[in-house]
Amino acid sequence: MEVSVCKQTKYDKAYLRMALEWAKLSYCKRKQVGAIIVKNRMIISDGYNGTPSGFENCCEDNEGNTEWYVLHAEANAILKCAASTQDAGGATLYITMSPCKDCSKLILQAGIKRIVYMEKYKDNSGLDFLEKAGITIVHIPKVELNS
């Protein structure tokens, strides 16, 4: 079933607002990031950046740098999906920050076909990789979410 561009943009903004709410669950002080995976207009997984299960919810060291073991929001959502009966093949990933190069590999391998993000990560190599792989990438800045 084909969805009109106008209607798709409306859904994209709504799911991105949900990812923004999900980001608020993160304990990270430097940057809170949220992710939602949607397939056939159903949310099949979600995630936010943070420490692995069983670790103290402290994402930064004493200097304010992110600890190496902190999981990114999209990695958490993909791993949560993998641990369930859901399949991310053909899904859309809504994320408040564009993926890093490591997470972009997970996105491709998970079969996600479309990314909608709000703000750019400091390094564009993840987006460049996904674009080269044929993943559809949509940027919706935060200022456009309520319009």
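The structure is a predicted model, in which local features need pLDDT of at least 70 and side-chain atom pairs count only at pLDDT 80 or more, whereas totals for chains, interfaces and linings use all residues. Residues are numbered from 1 along each chain as its sequence is written, and side-chain values use heavy atoms, with hydrogens and water left out.

N49 sits in the loop between strand 2 and helix 2 (73-82). Helices (H or I, at least four residues) and strands (E, at least two) are DSSP runs, numbered from the N terminus. Is N49 buried or exposed? Its relative accessibility is 8%, so N49 counts as buried; buried means under 20% relative accessible area, exposed over 50%, and partly exposed in between, with a 1.4 Å probe and protein chains only. Once neighbours within four places in sequence are left aside, N49 is in contact with S26, C28, K31, Q32, V33, L71, H72 and A73, where contact means heavy atoms within 4.5 Å.

A disulfide is a pair of cysteine sulfur atoms within 2.5 Å, and a search of the whole structure finds 1. It joins C28 to C59, with 2.4 Å from S to S. The angle about the S-S bond is -75°, and the link of C28 and C59 is left-handed. What does this pair tie together? C28 lies in the loop between helix 1 and strand 1, and C59 in the loop between strand 2 and helix 2, so the link connects parts that are 31 residues apart in sequence. Both C28 and C59 are buried.

C81 is buried, with a relative accessible area of 3%. C6, by contrast, counts as exposed because its relative accessibility is 65%.

The pairings can be followed one by one. Strand 1 and strand 2 pair in the antiparallel sense over 6 bridges, and V38 has I43 of strand 2 as its bridge partner. Strand 3 and strand 4 pair in the parallel sense over 5 bridges, and here Y94 has V116 of strand 4 as its bridge partner. Strand 4 is mostly covered, with 5 of its 6 residues buried.

Between strand 1 (34-39) and strand 2 (42-48) lies a loop that includes N40 and R41. N40 has a phi near 55°, a positive value in a residue other than glycine, and R41 likewise has a positive phi near 55°. N40 counts as exposed because its relative accessibility is 71%, whereas R41, at 42%, counts as partly exposed.

The helices complete the picture. Helix 1 (residues 5-23) has 19 residues and reaches 27 Å from its first C-alpha to its last, close to the 27 Å expected at 1.5 Å a residue; the expected span is 1.5 Å times one less than the number of residues. Its buried residues are D12, K13, Y15, L16, A19 and A23, and they pack against strand 1, strand 2, strand 3 (92-97) and strand 4 (114-119). In helix 2 lies N76, which touches D46, G47, Y48, G50 and L71, not counting residues up to four places away in sequence. The C-alpha atoms of N76 and M42 are separated by 18 Å, the two residues being 34 residues apart along the chain.

Technical notes. Pairing = 2+ DSSP bridges.
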